[in-house]
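Please look over the sequence and the model before reading on.

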Amino acid sequence: MQIQADMKMAEIIHLNYHLLPIISRFGINLGFGDKSVEQICKDYSIDENFFLEIVNSFHLKNYFPKKNLQGFPLKLIIDYLRKSHDHYLHIKIPRIAALLSQLSQYTPPSMTGTLKLIDTFFNGYRNELTNHIQREEDKVYPYVFAVEQVFISKKPNNDIVGKIRGYSIEDFKMEHDNIEDKLFDLKNLLIKYLPEPVDADLSHSILVELFRLESDISDHTRIENKVLVPKVSYMEKWILAHFKP
Ligand SMILES: [Fe+2]
Ligand SMILES: [Fe+2]
């Protein structure tokens, strides 16, 4: 069922509680009473159409209005992507780290080796994710805004043309690794090699967290590759075609 503007915000959470972190990324807090999506978006000064496209792309597997999403200003898209980064680094990863350290307290000495392996994988993943995000925030997003600024001013200059020729958004797409895929190995370690005498509930909680993180990051990557990249690529092409040295 597609989420519509006249639906109650509370209803949406009942429909799919996985939307809670997505909604909170827009700065919306719980306690919406009987207010509709439209009213809440007004209260929080959120672009209602953008909100609906984002929650529906997350909520419905086969819904991804690429063209509609590309129509929104870059600032909206990047603000959302940045908030997701914050959520991964400052909430999800520390939570998984805390659960893993709890797990080590319940693990019998015979399992220390497996647990060490899990820890090594997790730390490696955390570093990769941090570097991936840092590169996007420090290099890619500022570049994207620079391209947009020149595109809006309709005055291509040497500086931006040099930047586009040096490292275009297509280059970013080629190098843009699927960071969520690497979570698979970590999940697999837990699924295949962690025997039961350990706290089973705790192991399940860790796995559920990993599955959720994976689906959230995969949705995020889809927005980067299918919305951000084509939008910026269009602007780059316009700039290169209209540049007169
Ligand atoms: Fe990202
Ligand atoms: Fe990314």
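Predicted model: local features only at pLDDT ≥ 70, side-chain atom pairs only at ≥ 80, totals over all residues.

Residues are numbered from 1 along each chain as its sequence is written, and chains are lettered from A and ligands numbered from 1 in the order in which they are written.

**Overall fold**
- The chain has 11 helices and zero strands, where helices (H or I, at least four residues) and strands (E, at least two) are DSSP runs numbered from the N terminus.
- Its C-alpha atoms fill a box of roughly 70 × 50 × 25 Å along the principal axes.
- Of the 245 residues, 22% are buried, a term for residues with 20 or more other C-beta atoms within 10 Å of their own, whereas exposed means 12 or fewer and partly exposed lies in between, with C-beta atoms placed from the backbone.

**Helix α7**
- Helix α7, residues 112-153, reaches 60 Å from its first C-alpha to its last, close to the 62 Å expected, that is, 1.5 Å times one less than its number of residues.
- α7 bends by about 35° at E136, the angle being taken between axes fitted to the seven residues ending there and the seven starting there.
- E136 is also among the buried residues of α7, which include I118, F122 and Y143.
- After α7 comes K154, with a positive phi near 60°.

**Residue D34**
- D34 lies in the loop between α2 (20-25) and α3 (37-43), and it counts as exposed because it has 9 C-beta neighbours inside 10 Å.
- The C-alpha atoms of D34 and A10 are separated by 7.0 Å, although the two are 24 residues apart along the chain.
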